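Me: Let's chat through the cavities and salt bridges of this one. Start with the ground rules, please.

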Amino acid sequence: MRKRLQSLLLLLICGSVIVHAPARAARAGQPAALPDATRADQALALMVSLRMMDLGIRPKTVQLPTDLSLEEALAIRQGDYHRANRLAAAVLARSSIQGWSFQPFDDFMENIVRYEDPLLLRRLNDWVARDPHAAMAHLIRGVYYDKVGWITRGSDYASEVTEQQMRLFKQDLADALGDLGVAVELAPRVPWSRYELLQALSSAGDTARAAQAFQTVVRAFPGYYPLYRERLSELSPKWYGSVRLMYDFTDRYAGHAPQSSPLKLLYLQLYEHLLETAGSACGSLEGDAQKNCVASMLGRMTGPQLRPGILQALRLYRTSDPIQFSAAVWPLLGEMACNRCYGSAAAVSGVLQAAASIMGSDTRMMDKPTHNSYMLDDITARVWSQIGNPSNADQKFREALRDVQRTSFADRAQKAIALATILDHMTQFADDTSQFIDMIVYQQAENEVGGGNFSSAPYRTCYAYYRMRYFNEAVQTCSALIDGNGNYLQTHYWRAKAYERLGRWDASIADFAPVADIGDNWFRVGAALDMSYDFGQKGDYAGQLASMNRHAYLFDPNLQPADDLAVAYNNRCFAHMQLGQLQQALDDCTTSLKYGRLPDALHKEQELLRRLGHRAAPQPPRTPDGVVGIRPT
């Protein structure tokens, strides 16, 4: 009966896609019919409730480190520095190095700063000015500068970062290094501060200082695993090192460590870096050619100590706290499971099988109740997702949730974190497979068990509303995030897209603006091109031209692919044309056609030639199906 009801509700919701589409023009003398969205909205809400019931999720009853992070950020924003200092000191006092982390302080510090927040920075500046010896103020401000620097820079290769972005990034890193250095001097017994300083030094490209800092800090905290993890990453070929340097480092620190040492996990970390190196080198290939390339490169890079080292790393499960072990291995195996990143699902299957054998678990599809590792269930689900089997992925994700319930945890917080992590991965899975109702359900469930500050991508719900054409709901959801703890660039981007579909051009332009100025190249280009379209839609052609010229990267052939260059020049051609600047318009349309054969650019070029009194250029030949072709030379 429930499945039947869900099917009926889904029809209503799908119907809402049509309801929310632009209405047809009314006949003369008749008012346009208003869309009846209420029924569809109620159907969607009921569908989400039913899906939530199927998950069997109950709200958490415990405070997580991410909740405390949000409290800390709110206290700072409100100027209550005494409370902020007291809260951070309390978390620090009950933290200790456990297995592979310094908890709960590591998670607490990682989630205070999530995005660029001018108010938070002003308050941090004020806190430091009032109390220059407040180590926590310097530490949090150092983290702020580091994170905002990377938000500004984006994750592109250096060649794809604009000069302005790189200049701002370097300034932010310099500010971060200054604050983190002071924080370490004021409170030298906080391992996370040392780790953050090491990370910032590495980001600044200062390999000599980073190497010296690593040697200094491991003498102070020889059992703090993140230091070794960070240094190994710095030695990978994508940064400053080589395969040989990674092996030497791993053998030095993990090879001679006791069998039960957390440092043994470095061998699994090494394998992930080797896989990433192979995937990057073979990234231009596809299909079997890519898989064969990855397998060949891994074979050449695999030393005799790697396989025994990986098995030693996995056997730590037997001598360690199983929950801490799962938390440490989880992100590593998750990276390996990214078939789209590395081009070979087989690269992780052997590791998964070895882990399952050691942990007494099973990676097969199971129909009867078992007591498997929830972490391995989750990884197996993601492997199924990556190889294009969403049904098996969904089944394994749900088995992971059930196995969390069957697992014994030291406290309720650990259980809540495990559940929220799986639900976060399920939300990503729903995103990847365009299951937008599921995205809303899984993210809502994640918020129930993990709190509103747990997800690193809280904007997925407003994105789902946008994709389902619930544009008003998308605006409302994105706005609630921006006003709360989800003020990410992505949140502004999807609110801008929703505003755009509602014809609210000024609002969309305002939201696209910060995205167009910073971030990854593909992301800012989309925002800048949409801005140019929106200026044109509101008839502000001078604003359209100024906006495009301000974002000069749109016309840089070293940064943009031909298709994007064609669109950028075509849009600017339109702006020049509307402003009566016909020769500049013709130059841009001609350049657009050099990069792509946009029919719009071709039409405008012919019109401009006619208006300028030139003889129209001959039309390019057309293929039999009517697609514009290219004349052979």
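Reply: A cavity here is a set of points on a 1 Å grid over the protein atoms alone where a 1.4 Å probe fits but cannot get out, and its lining residues have an atom within 4 Å of a point. The model is predicted, so to speak with care: local features need pLDDT of at least 70, side-chain atom pairs need 80 or more, and totals for chains, interfaces and linings use all residues. Numbering runs from 1 along each chain as its sequence is written, and side-chain values use heavy atoms, with hydrogens and water left out.

Me: How much space lies in the largest cavity?
Reply: Its lining includes Arg 77, Arg 114, Tyr 115 and Asn 485. That lining splits into 4 nonpolar, 3 polar and 2 charged residues. The space inside the largest cavity is about 40 Å³.

Me: How far apart in sequence are the parts tied together by Arg 51 and Asp 438?
Reply: Their side chains meet in a salt bridge at 2.4 Å, N to O (a Lys or Arg side-chain nitrogen within 4 Å of an Asp or Glu carboxyl oxygen). Both residues are buried (under 20% relative accessible area; exposed is over 50%, partly exposed in between, with a 1.4 Å probe and protein chains only). Arg 51 sits in helix α2 and Asp 438 in helix α23, so the pair ties together parts whose separation in sequence is 387 residues.

Me: Is Lys 604 buried or exposed?
Reply: Lys 604 forms a salt bridge with Asp 600 at 2.8 Å, N to O. They are 4 residues apart in helix α32, about one helical turn. Asp 600 is partly exposed at 42% relative accessibility, whereas Lys 604, at 5%, counts as buried.

Terms used. On a 1 Å grid over the protein atoms alone, a cavity is a set of points where a 1.4 Å probe fits but cannot get out, and a pocket is an open set with protein on both sides within 12 Å along at least five of seven lines; lining residues have an atom within 4 Å of a point. Grid points are joined across faces, edges and corners, and a volume is the space filled by probe spheres set on the points. Ala, Val, Leu, Ile, Met, Phe, Trp, Tyr, Cys and Pro count as nonpolar, Asp, Glu, Lys and Arg as charged, and the others, Gly among them, as polar. Helices (H or I, at least four residues) and strands (E, at least two) are DSSP runs, numbered from the N terminus.
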